[in-house]
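Subject: Structure handover

Hello,

Here is the structure you are taking over. Please open it alongside this email.

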Amino acid sequence: MAIMGCTENREPKVSVLLCFSFFCVTVLLSCGRVCGQTSPVFACDVAKNPDLAGYGFCDKSLSVEDRVADLVKRLTLQEKIGNLGNTAVEVSRLGIPKYEWWSEALHGVSNIGPGTHFSSVVPGATSFPMPILTAASFNTTLFEVIGSVVSTEARAMYNVGLAGLTYWSPNINIFRDPRWGRGQETPGEDPLLSSKYATGYVKGLQQTDGDPNKLKVAACCKHYTAYDVDNWKGIQRYTFNAVVTQQDLDDTFQPPFKSCVIDGNVASVMCSYNQVNGKPTCADPDLLKGVIRGQWKLNGYIVSDCDSVEVLFKDQHYTKTPEEAAAKTILAGLDLNCGDYLGKYTEGAVKQGLVDEASINNAVSNNFATLMRLGFFDGDPSKQPYGKLGPKDVCTSENQELAREAARQGIVLLKNSPGSLPLNAKTIKSLAVIGPNANATRVMIGNYEGIPCKYTSPLQGLTALVPTSYAPGCPDVQCANAQLDDATTIAASADATVIVVGASLAIEAESLDRVNILLPGQQQLLVSEVANASKGPVILVIMSGGGMDVSFAKTNDKITSILWVGYPGEAGGAAIADVIFGFYNPSGRLPMTWYPQSYVEKVPMTNMNMRADPDTGYPGRTYRFYKGETVFSFGDGISFSSVEHRIVKAPQLVSVPLAEDHVCRSSECKSLDVADEHCQNLAFDIHLGVKNMGKMSSSHTVLLFFTPPAVHNAPQKHLLGFEKVQLAGKSEALVRFKVDVCKDLSVVDELGNRKVPLGQHLLHVGNLKHPLGVRI
């Protein structure tokens, strides 16, 4: 259980250090089996045991359903129960080996979770930027391409016995509060961007090539739902009850999961630790059976976050006995328990009459069907699709270049004074490189990481281009005592200065939410003193998952440029240097709001309400509802070229056809229900001209927002679509958006129903605004 304590993790009851040493011992002990193993784990090995050919579940010509039914009817109750936990038991009499379900691939194949290991055969895998930075690229093609590279490396590792086929990624929770330690794992605060990220990454991982019954690897969208408090001022995710309105649930928290299941056809959803409105998510039949299976029609399995079945009994006291916890979760629709609780207590629950065997059959069938779709029951993988992949396909030069390209596309330029960036590598004779993250390696790959192919730190990336001098300026990221002397000395004589500051897992992480959103410790002092002493331009680089209140730097004229680089992955330093020296024109946009420190001083992290409340002074959350001052806003980001937008084609009025007897013909309606037939084929096109006014070629992110009429407490602004375009210097491109009125212009009312508001909508792109009337 202690391994679990370190990862998707229960809070370790022992110290992390102890836990880690136990983890190492466990890994060493299990190395005999795993590290020496060079063949994959699979069932139906007919070559080894010809008798297996007679079993229906080994017959590839049958449907998945028929094969699963044949398998389940052959199993004893104990064998079924043994397949309800992440470490599934061996059924040797049927030629089914033990299988470990728990692997992770948040931004590359990870060795967190017992299903995946590195060894001398495959010493590392490509480590991409953390999702918060990849999301900042607003490039749906990139999301999918990264997913497909990760799944290729995963399959290659599976083929040599180092990895599983089921990956509990991506994390698509909404980054609702800037203090959340796991915001770095998510695609940000916007439901549309998160939905597109989820769908793209999952399609890349699962790559079914048109056959929805085949999977390259099985992805998992997590943590369902309204999960975004880890450990804030002693409030723990294990016992937190998220009180969420139906409106917020349906227009903010649920859309990414809905897209992941319906558009991404994801093979799994993970339920979270927290309660939602008093019910643990893993024991809520409305959320699991009702929504995920009933409304969204999940083709796959529902898994619990690690030990959450135990948590709802032990920590939340939601049930009186462990058997009742097992029964309640299975009956709610849980199929697989990360942890050992279902394995230990389900049989007792059956004996006590709390759960029937048919419900267990149902759960285990969902699990086996997923393994069938992965080819686990198709015999020798080397004879199957992906069977030729191996160590040569991991950490290829193309994959490592993609990690660098992903970081370049995500990096956000937030401030750039004339004459600052890009620097010229030919004229800079000396560059001062300063700051606690200036020579970062491990920090760049965030959490749920693997072992990367190699690292390029910011200092290495910059030193490859120009002569540098380096001073850390702080002993570590916490920066309790800034070491100013060396830092100011080198800045005073250098042609330009790059200061790399920000956070790390010591500041923001799983089980660690921030209390303030300022630069940690004395980092601000370091930045201000170095800027003051500097001879040339000063480039401030912020490496973090969450936003920082850097108002001081925004207003300080000596700080000529500000870049946000997220946690940029293994090649992060090379990508940062590419942008600073103008080999790449930045096009990233912030996927989350950067609030001032005063925001977190007055808003408790535990208040889940998205919408502002003028009566109490509650300011609301995210760009969709927050009305206060920001340090930087969602969608902010500039490039080295100025870009102009013009509207080429867009309607001024959209008429909704209604039946003669429709109630809204005779009475004054503020909005129309989207469930009605008038929504069929109601769409229009928007064409935008986007012109690069500069000489340098550039990617450009086009964000199309709309402001609906003020009904149903609707968002003040909402992202409707986005496109990444490539523009040569001085060139123009046409960008087309197809707008589905009922899908794209609708809002969620107070009861959770989707409605199209009637009246004047406003479309925004760049600094253009275009009025659009929606009438009957």
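Residues are numbered from 1 along each chain as its sequence is written, and side-chain values use heavy atoms, leaving out hydrogens and water.

**Confidence**

pLDDT is the predictor's confidence in each residue, from 0 to 100. The chain averages 94, and 95% of the residues score at least 70. Residues 1–35 are another matter: pLDDT stays under 50 there. Where pLDDT is low, the predicted coordinates should not be read in detail.

**The cores**

A nonpolar core is a set of buried Ala, Val, Leu, Ile, Met, Phe, Trp, Tyr and Cys residues joined through side-chain atoms within 4.5 Å. Buried means under 20% relative accessible area, exposed over 50%, partly exposed in between (1.4 Å probe, protein chains only). The largest core has 118 residues. Phe57, Leu71, Trp168, Tyr224, Val266, Phe368 and Phe377 touch the most other members. Helix H6 (residues 140–159) gives the most to this core, with 9 residues. Helices (H or I, at least four residues) and strands (E, at least two) are DSSP runs, numbered from the N terminus. Another core lies apart, with 91 residues, among them Met130 and Leu540.

Take Phe57 next. Beyond four places in sequence, its contacts (heavy atoms within 4.5 Å) include Leu71, Leu94, Met372 and Phe377.

**Helices H3 and H14**

Helix H3 (residues 64–74) has Val64, Arg67, Val68, Asp70, Leu71 and Val72 as its buried residues. Their cover includes helix H4 (77–81) and helix H14 (357–373). Asn367 is found in H14. Asn367 has a relative accessible area of 1%, so it counts as buried. A polar atom of its side chain lies 3.2 Å from the backbone oxygen of Asn83. Among the residues that Asn367 touches beyond four places in sequence are Trp101, Tyr301 and Asp335.

Two strands pair if DSSP finds at least two bridges between them. An open sheet of 6 strands runs in the order S11-S16-S15-S14-S12-S13, with mixed pairing. S11 and S13 (468–471) stand at the edges with a single partner strand each, so one side of each has no neighbour in the sheet. The twist averages 20° from one strand to the next. S12 and S13 pair in the parallel sense over 4 bridges. There, Ala432 stands opposite Ser469 in S13.

Helix H18 (residues 523–533) lies across S12, S14 (496–502) and S15 (538–543), at about 175° to S14. Axes are lines fitted to C-alpha atoms, for helices over the stretch in contact, and angles run from 0 to 180 degrees between N-to-C directions.

Leu423 sits in the loop between S11 (412–416) and S12 (431–434). Is Leu423 buried or exposed? It is buried, because its relative accessibility is 6%. Beyond four places in sequence, Leu423 touches Ile428, Leu431, Ala496, Pro537, Ile580 and Phe581.

**Strands S19, S24 and S25**

S25 (residues 754–757) pairs in the antiparallel sense with S19 (residues 671–673) over 3 bridges. Leu672 stands opposite Val756 in S25. S24 (residues 747–748) and S25 are antiparallel too, over 2 bridges. Val748 has Arg754 in S25 as its bridge partner. The hairpin of S24 and S25 has 5 residues between the strands, and Gly752 takes a positive phi near 95° in it.

Best wishes

Technical notes
Predicted model: local features only at pLDDT ≥ 70, side-chain atom pairs only at ≥ 80, totals over all residues. Polar contact = N/O pair within 3.5 Å; in protein donor to acceptor, adjacent residues only side chain to side chain.
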